[in-house]
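Subject: Structure handover

Hello,

Please find the structure below. My notes on it come after.

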Amino acid sequence: MLAGGTGTLGQHILKVLLEPTCPAFDVSILSRSSAPNPGSRVHVYQTDYSDPSQIAKLLEGQDILISAIRSSSLSDALHEDVLLSAAIMARVPRYFPGEYTLDVTHPSTLEIAFGSGLVPKIALAERLEREGAEGRIEWTTIVCGGFLDWGLQHGSTGFHIKERKATLNDGGTHMATGCTLAFVAACVVKAITLRDEVKNKRVRIAEVRYSGLEILHLLEKATSAAFEVEDVNTEENLVKARNSRNMLQITLAVLKRLIYNGSGAAYFEDGLEWGGKVMARKTLKEIVDEAVEVCNN
């Protein structure tokens, strides 16, 4: 069962699951919307993710629950806890939670996450440890550091390609790692085919390493244009966000601080090796060039 199978990441996971080279899975998806059926091999169930008992009925007989639901708000993040409860109620053997971000268990994250949307993700990670240790469910969390391609195309990384403007955080010198949506999807499906290697583990993955300055250089080369650049101090930005008492602003400021200040919460050297040569990785230049092409069309 794939929760959020019609969403930003979910549709990529679904595509990999339905590829001819993939093992023949019996695929069902949970969706908040009445989206068109993505194919005859796929069963679609509509839910609002609020009632674990109702979801548990839909999960009966399922071998794996993969969550790819969005978590852009506190209520969205809390739906993960509902999914976990439902999976345990239905005795689903394996669960892949919808974390897909930087390492929420990293000491730097735990130090500054208070008041942000990362708090329920931290709580879920702690709950998973307990549930797994007690044998109630097996879980695998894919820790990817964020969707670099989506972020470049939509401006959330601080680069606004159409406007030729860029925001560098803390000078843009610190290294981070990131992934494309397609790479994350491929890693999720790869992890499904494993078991003991990923049982009750946080699997850190990475497609490329990058810095803000490297992306800026590649963007200016790809567009043959000089970008207007603003430098932001992530510590000062976080203080300003906390003073606003706006959770979304605080969450974004916390993420920027952790990703761009070199803390290590979003830099996974080991992730660059996960899956070996079997996992095809794009280069940073390829990801940037594709983002430019998308934004120019």
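This is a predicted model: local features need pLDDT of at least 70, side-chain atom pairs count only at pLDDT 80 or more; totals for chains, interfaces and linings use all residues.

Residues are numbered from 1 along each chain as its sequence is written, and side-chain values use heavy atoms, with hydrogens and water left out.

Cysteines. The search of the whole structure gave 0 disulfides, a disulfide being a pair of cysteine sulfur atoms within 2.5 Å. For C144, the closest cysteine sulfur is in C179, at 5.2 Å, which is too far for a bond. C144 is buried at 0% relative accessibility, and C295 is buried at 8% (buried is under 20% relative accessible area, exposed over 50%, partly exposed in between; 1.4 Å probe, protein chains only).

Rings. R242 lies over the face of F114, 3.8 Å from the ring centre; the criterion is NZ of Lys or CZ of Arg within 6 Å of the ring centre and within 35 degrees of the ring normal. Aromatic pairs number 0 in the whole structure, where ring centres of Phe, Tyr and Trp (its six-membered ring) must lie within 6.5 Å to pair.

Loop residue. S224 sits in the loop between α8 (212-223) and β12 (228-232); helices (H or I, at least four residues) and strands (E, at least two) are DSSP runs, numbered from the N terminus. S224 is exposed, at 70% relative accessible area.

Regards

How values were computed. Rings of Phe, Tyr and Trp (its six-membered ring) pair if their centres lie within 6.5 Å; planes under 30 degrees apart count as stacked, over 60 as edge-to-face and the rest as tilted.
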